[in-house]
Amino acid sequence: MISDPEAVAALERADALHTALTHIVLEGGDLAAIAGAVGDALGCGVVFTSTDGRERAAHLDEAQRAALAEADMLDPSGRVRVERIDPEGSPVGQGEALVRRVVAAGVDLARLVAVRLDGRIHSSDVHALERAAIVAALLVTRVEAITAVENKYRGDFLRDVFLGRAGEDDDIAEHAQAFGWHLDRPVVVVVAVLDPDAIAALAPGPTERRAWQDRFANAWRQVAATVDESIASVAFSREVVTLVPIEPGASAAASQAAVDRIVQAVRGDRGGGRIAFSAGVSRVAHDLSELPEAFRQAQRSVEIGRRVHGGGSVTRFDQLGLHRLLALVPDGAELTAFASDVLGPLAERTPEAADLRETLQVLLDTNFNVAEAARAQFFHYNTMRYRVGKLQRLLGPVATDPHLRLDVAVALRALEIVG
């Protein structure tokens, strides 16, 4: 017979939770119902998150949220910093928080975080939380199977829109409304891709790579829905496409701010195993007929932006400048040949050539002002003069011939395109 009053109370709470979870399963409840049942039965705050901490359902009051924030367990975007919470318990004010993985068939699905502000979470309550995680895993698995089919259907439809084969505008708008989307309004198309270098550094297997892509797509959908539930956001094989609405007549700065808010929310503080990503942003598409071209603009922007600016960049089509024209050349070998013809040894993939190309670009940016270029590269004036002489021996009179200077400037941009 158990005589410890605290243990008896914990067992009663576990029994109440078991009954509540059984009803939830039988009645087809969701994560919010599980969070509420756990919180009510155990007398603690509960939040279910994605594996990287993005909230999916919660039973938290303002005091519990404030305590988590004060303990530095929430980032500014609201993401729960699950990576900072110990499974054995982490201090939160006068109480503690702990985390449990929600796993099914070896697949990491979500996180369950519990927080109590007036003391430690009893060991019997921990066991109850683990049972709740099992029930949540069953529910998440079922929901994700249904969602995967729905998302594929939505993705196929939006791809048809971009390919111009989805029918008349009225049919497209009506079909989109069935998904809860509003497409017939000014939007910018945002194409986001996980950075290949960041993925390669982690050397994932196919299953893990797919999980990352799914998590990335879910993050975009969830953030977009918090801004406007009628925003279309779908995942293609390697990219996530989101149509961000723009107020009619909005300035370029306002359009940029609308995209930046969503990008920053998806990026968060990059904790919880998040992977860096790049994004490309189209011009404003004012109606359905302009969406195919806007999609191509966003694709081109993210591709060129990643090559020119590296991973983690957000590149807008209107900012591409000369790169935009060079990207239209279908044969990358032609760009490489042009760069080699103009730059000669400077087009080689060697540290010395790269160093001289950097100096050449600074000289072009300063209109061959040797003193200004020397200051920009922290060189002595005479060192820069020597470099100018060496460049002119390799390239010709680039300092004085405007036509040659133009060719050299284009060749440098061509090298950025071909990588």
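This is a predicted model: local features need pLDDT of at least 70, side-chain atom pairs count only at pLDDT 80 or more; totals for chains, interfaces and linings use all residues.

Reader: Start with packing. How many residues has the largest nonpolar core?

Author: It has 32 residues. Ile34, Phe48, Val102 and Leu112 have the most contacts inside it.

Reader: Which elements give two or more residues to this core?

Author: Helix 1 (5-27), helix 2 (31-42) and helix 4 do, together with strand 1 (45-49), strand 4 (95-104) and strand 5 (107-116). Helix 4 gives the largest share, 10 residues.

Reader: Take Leu112. What is it in contact with, leaving aside neighbours within four places in sequence?

Author: Val46, Val47 and Phe48 are among its contacts.

Reader: What about a second core?

Author: There is a separate one of 26 residues. Leu158, Val187, Val234 and Val241 belong to that second core.

Reader: Back to helix 4. What should its span be, and how far apart are its end C-alpha atoms?

Author: Helix 4 covers residues 123-162, which is 40 residues. At 1.5 Å a residue it should span 58 Å. Its end C-alpha atoms are 54 Å apart, so the two values agree.

Reader: And what comes just after helix 4?

Author: Gly164, with a positive phi of about 70 degrees.

Reader: Which residues other than glycine have a positive phi?

Author: Asp72 is one of them, at about 65 degrees. Phe368 is another, with phi near 60 degrees.

Reader: Where do they sit, and are they buried or partly exposed?

Author: Asp72 is in the loop between helix 3 and strand 3 (90-92). Its relative accessible area is 37%, so Asp72 is partly exposed. Phe368 is in the loop between helix 12 (351-365) and helix 13 (370-377). Phe368 counts as buried because its relative accessibility is 11%, and the cut-off for buried is under 20%.

Reader: Now voids. How many cavities of 30 Å³ or more turn up in the whole structure?

Author: One. The largest cavity has a volume of about 130 Å³.

Reader: What lines the largest cavity?

Author: Its lining has 13 residues. Asp52, Leu194, Phe216, Arg274 and Ile275 lie nearest its centre. Helix 7 (206-227) and helix 8 each supply at least two lining residues. Helix 7 has the largest share, with four residues.

Reader: Switch to the second largest pocket. What is its volume?

Author: About 290 Å³. That pocket is lined by 17 residues. Nearest its centre are Pro245, Ile246, Glu247, Ala258 and Arg261.

Reader: Which element gives the most to that pocket's lining?

Author: Helix 8, with six residues. Strand 8 (240-245) and helix 8 (252-267) each supply at least two. By class, the pocket lining has 12 nonpolar, four charged and one polar residue.

Reader: How far apart are Val193 and Arg238?

Author: They are 45 residues apart in sequence. In space they are 6.5 Å apart, C-alpha to C-alpha.

Reader: And Arg307, how far is it from Ile417?

Author: Arg307 and Ile417 are 110 residues apart in sequence and 6.4 Å apart in space, C-alpha to C-alpha. Arg307 lies in helix 9 (residues 291-309). Leaving aside neighbours within four places, Arg307 is in contact with Glu416, Ile417 and Val418. At 43% relative accessibility, Arg307 counts as partly exposed.

Reader: Last one. Is Gln64 buried or exposed?

Author: Gln64 counts as buried, at 11% relative accessibility. Gln64 is in helix 3 (residues 62-70). Beyond residues up to four places away in sequence, Gln64 touches Cys44, Gly45, His59, Val115 and Leu117.

Technical notes. Residues are numbered from 1 along each chain as its sequence is written. Side-chain values use heavy atoms; hydrogens and water are left out. Buried means under 20% relative accessible area, exposed over 50%, partly exposed in between (1.4 Å probe, protein chains only). Contact means heavy atoms within 4.5 Å. On a 1 Å grid over the protein atoms alone, a cavity is a set of points where a 1.4 Å probe fits but cannot get out, and a pocket is an open set with protein on both sides within 12 Å along at least five of seven lines; lining residues have an atom within 4 Å of a point. Grid points are joined across faces, edges and corners, and a volume is the space filled by probe spheres set on the points. Ala, Val, Leu, Ile, Met, Phe, Trp, Tyr, Cys and Pro count as nonpolar, Asp, Glu, Lys and Arg as charged, and the others, Gly among them, as polar. The expected span of a helix is 1.5 Å times one less than its number of residues. A nonpolar core is a set of buried Ala, Val, Leu, Ile, Met, Phe, Trp, Tyr and Cys residues joined through side-chain atoms within 4.5 Å.
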